[in-house]
Amino acid sequence: MTQYLTEPVPGVEGAGGPDRPEWWRDAVIYQVYPRSFADSNGDGEGDLEGVRTRLPYLRELGVDAVWLSPFYVSPQADGGYDVADYRAVDPMFGTLLDADAVIRDAHALGLRVIVDVVPNHCSDQHDWFRRALREGPGSPLRERFHFRPGRGTDGGEPPNDWESVFGGPAWTRTTNPDGTPGEWYLHLFAPEQPDFNWDSPAVRDEFRSVLRFWLDMGVDGFRIDVAHGLVKAAGLPDLGHREQLKLLGNQALPFFDQDGVHEIYRSWREILDEYPGPRIGVAEAWTPSAERTAFYLRADELHQAFNFHYLGTGWDAGALRATIDESLDAMRTVGAPSTWVLSNHDVVRHATRLSDGDPGRGLRRARAATLLMLALPGSAYVYQGEELGLPEVTDLPDEVRQDPSFFRDNGQDGLRDGCRVPIPWSGTEPPYGFGPVGGPAWLPQPASWADLSVEAQSGDPDSTLELYRSALALRRDHAALGAGDRVEWLDAPEGVLVFRRSSRRPGSEPYRSDLVCTVNTTDAPVRLPSPGRILLSSDASVDAADEVELPADCTVWWAVV
């Protein structure tokens, strides 16, 4: 396999070539959930060869980088986020040669490749954990996890009151090699996902080695799963509160967002900086505030962090403006770009989330929200299928669901499978080009998706796919889009956002004007003075005049001098 120790990505403008040393600051990054993207061999499961064959589509779409969710060896207890071997590809996805081919072909197309790394926990089938169980109490391998004796006279109660994100206690009791009840181990997620103990030097050394393995393979960075969870408070103190998931992202917790994580990421940054590129680290960090998120992005730590505060903001002009300002202000203090995201593999697709029960309204708002997101300064993330306007699949039969929290009490809603249904490419019958005609799909696809396929939408100027293609092309070429760290808010009626972006970024000459973005979040048309010449609208009915009627749930980009 080729090792890309010094080989740069070809110099495709906007795709992070050698002329874009800080490509990640305004990159549009497309998340691929490999199991649901494209199936090359007809087994009903997406795979790396399927990803490779669809890379030209992503280049044509206009994204700058591809983020691959986990494809490592895994029992799939949590959709691949339970890793048994961090240096091997699960046979359901292919081989290391297939991973090498994806990286090689992506780079040839001018696309960067970011892969998931899952450092908070592993699979219970990981060799370290299996040996720790087999060897019993006192095994040095148990120091790499959080094994503790239980409370109570017979040790029958969990060591503390922590709850799993997926519901139930965050502890599971083991059985000793002689068959007697044993110690408990910590798992903040499923019991099949034991948490690593990051106080262990062996754990720290192992992940530094894992990073180098994939950097040597040529990846351009890592999305760090549960980046906020690696370090736990000393002594693992009780939280003293029930329904702990409701506190997530709202206050400091003894198992999340501990200050000790930053030492880890400073050591990882040293490794990333050893490689040409630059190679980047992206934190999935749930924190109480944008200011806390910014701590992960100090100059000697990571490059980006997911903006969950923005993702969780409703379709309301005032709330959106406040979140945008808070995000930009917080990131500016550390010199980092803000990121913007509307959907991913863990949340309800935004075409459904914003719908208030009306699919038509949901699609209008989704299209408008996308143009708002892509007009903001910083980097944007697109989740596979959102460019097709895919809604959440809300009627999956219970027997096909695989989300582990679906089977536990008091955790997440257990409905993440609905955003992971394989996406439609072509044809009028399932699997809609996801795999061979007449073949299976690991989750059933709705009959209505025939009209939402890539094939059905390509060339239709009113389709959501063509809206994304146009928006991403404009973002790549227009000097006022993407880069920067601020917006200029202009006067607007209640329920409407109007802001200006400056074109002072050098390069990208075709559009020399500034850009004004108008967003109507209300359910009624609003009349505004025309800011300039229409570049792109989420609603094709908008007509430029001295005064323009901005339809309900609509975003328009305007070129202004």
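Modeller: Start with strand E20, which is covered on both faces. Cys 554, Val 556, Trp 558 and Val 560 lie on one side and Thr 555, Trp 557 and Ala 559 on the other, and all are buried. Buried means under 20% relative accessible area, exposed over 50%, and partly exposed in between, with a 1.4 Å probe and protein chains only. Strands (E, at least two residues) and helices (H or I, at least four) are DSSP runs numbered from the N terminus.

Biologist: What kind of model is this, and how are residues numbered?

Modeller: This is a predicted model, where local features need pLDDT of at least 70 and side-chain atom pairs count only at pLDDT 80 or more, while totals for chains, interfaces and linings use all residues. Residues are numbered from 1 along each chain as its sequence is written, and side-chain values use heavy atoms, leaving out hydrogens and water.

Biologist: Back to E20. Why is it described as largely enclosed?

Modeller: Because 7 of the 7 residues in E20, residues 554–560, are buried.

Biologist: Which strands pair with E20?

Modeller: Strand E16 (residues 514–520) runs antiparallel to E20, joined by 7 bridges. Strand E18 (residues 533–537) is also antiparallel to E20, over 4 bridges. Two strands pair if DSSP finds at least two bridges between them.

Biologist: Which residues of E20 are the bridge partners of Thr 518 and Leu 536?

Modeller: Thr 518 has Val 556 as its partner. For Leu 536, the partner is Trp 557. Leu 515 stands opposite Ala 559.

Biologist: What's the strand order in the sheet?

Modeller: E14-E15-E16-E20-E18, an open sheet of 5 strands with antiparallel pairing. E14 (488–489) and E18 are the edge strands, each pairing on one side only.

Biologist: Which strands does helix H8 touch?

Modeller: H8 (residues 317–332) packs on the sheet and touches E14 and E15 (496–501). Contact means heavy atoms within 4.5 Å. The direction of H8 makes about 35 degrees with that of E15. Axes are lines fitted to C-alpha atoms, for helices over the stretch in contact, and angles run from 0 to 180 degrees between N-to-C directions.

Biologist: And H12?

Modeller: H12 (residues 464–477) lies across E18 and E20, at about 130 degrees to E18.

Biologist: New topic. How many disulfides are there?

Modeller: A search of the whole structure finds 0. A disulfide is a pair of cysteine sulfur atoms within 2.5 Å. For Cys 554, the nearest cysteine sulfur is that of Cys 517, 9.6 Å away.

Biologist: Last one. Is Asp 398 buried or exposed?

Modeller: Exposed, at 52% relative accessibility. Asp 398 sits in the loop between strand E13 (379–383) and helix H11 (454–457).
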